[in-house]
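User: I have a protein model open and want to learn how to read it. Can you take me through its features?

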Amino acid sequence: MFYGNIKSLGDTLNLLDREELLEAVDAIAGSNRLLFFGLGSSGSLARDAAMRFSFLGYKAQAFSDP
């Protein structure tokens, strides 16, 4: 299980386009408000993301549709 997690993280790192990631970071950092949307079971992920960004001082809201 531990090795599987390491492999998943490595695979993700290899797939990331660093320039696009930096653009996303800049967009988030320059935002006044963040909105997260989740459909079905992704609703809990949207709420979690909004909560975590609110802890960082962002105005963040989550919306979900079961």
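Analyst: We go from the overall fold to salt bridges and then to surface charge. This is a predicted model, where local features need pLDDT of at least 70, side-chain atom pairs count only at pLDDT 80 or more, and totals for chains, interfaces and linings use all residues. Residues are numbered from 1 along each chain as its sequence is written, and side-chain values use heavy atoms, with hydrogens and water left out.

User: How many helices and strands does the chain have?

Analyst: Helices (H or I, at least four residues) and strands (E, at least two) are DSSP runs, numbered from the N terminus. Here there are 3 helices and 2 strands. Their order along the sequence is α-α-β-α-β. The radius of gyration is 15 Å, well over the 11 Å that the globule rule gives for 66 residues, so the chain is more spread out than a compact globule. That radius is taken over C-alpha atoms, and the rule is 2.2 Å times the number of residues to the power 0.38. The C-alpha trace spans about 35 × 30 × 20 Å along its principal axes.

User: What share of the 66 residues is buried?

Analyst: Buried means under 20% relative accessible area, exposed over 50%, partly exposed in between (1.4 Å probe, protein chains only). In this chain, buried residues make up 11% of the 66.

User: How many salt bridges does a search of the whole structure find?

Analyst: A salt bridge puts a side-chain nitrogen of Lys or Arg within 4 Å of a carboxyl oxygen of Asp or Glu. The search finds 2. One joins Lys7 and Asp11, at 3.0 Å from N to O. Both sit in helix 1 (residues 2-15), 4 residues apart, about one turn of the helix. Lys7 is partly exposed at 43%, and Asp11 is partly exposed at 35%.

User: Where do Arg52 and Asp48 lie?

Analyst: They lie in helix 3 (residues 43-55), 4 residues apart, or about one helical turn. Arg52 is exposed at 53%, whereas Asp48 is partly exposed at 29%.

User: Which residues gather in a patch of negative charge?

Analyst: Patch residues have over 30% relative accessible area and no salt bridge, and like charges are joined within 9 Å. Asp and Glu count as negative. The patch on this surface holds Asp17, Glu19, Glu20, Glu23 and Asp26. Glu20 lies in helix 2 (residues 18-29). Glu20 is exposed, with a relative accessible area of 53%.

Technical notes:
Patch = residues over 30% accessible without salt bridge, like charges linked within 9 Å, V, L, I, M, F, W, Y side chains within 5 Å. Areas by Shrake-Rupley, 256 points an atom, 1.4 Å probe, with all protein chains shown as cover. Charge placed at Lys NZ, Arg CZ, Asp CG, Glu CD.
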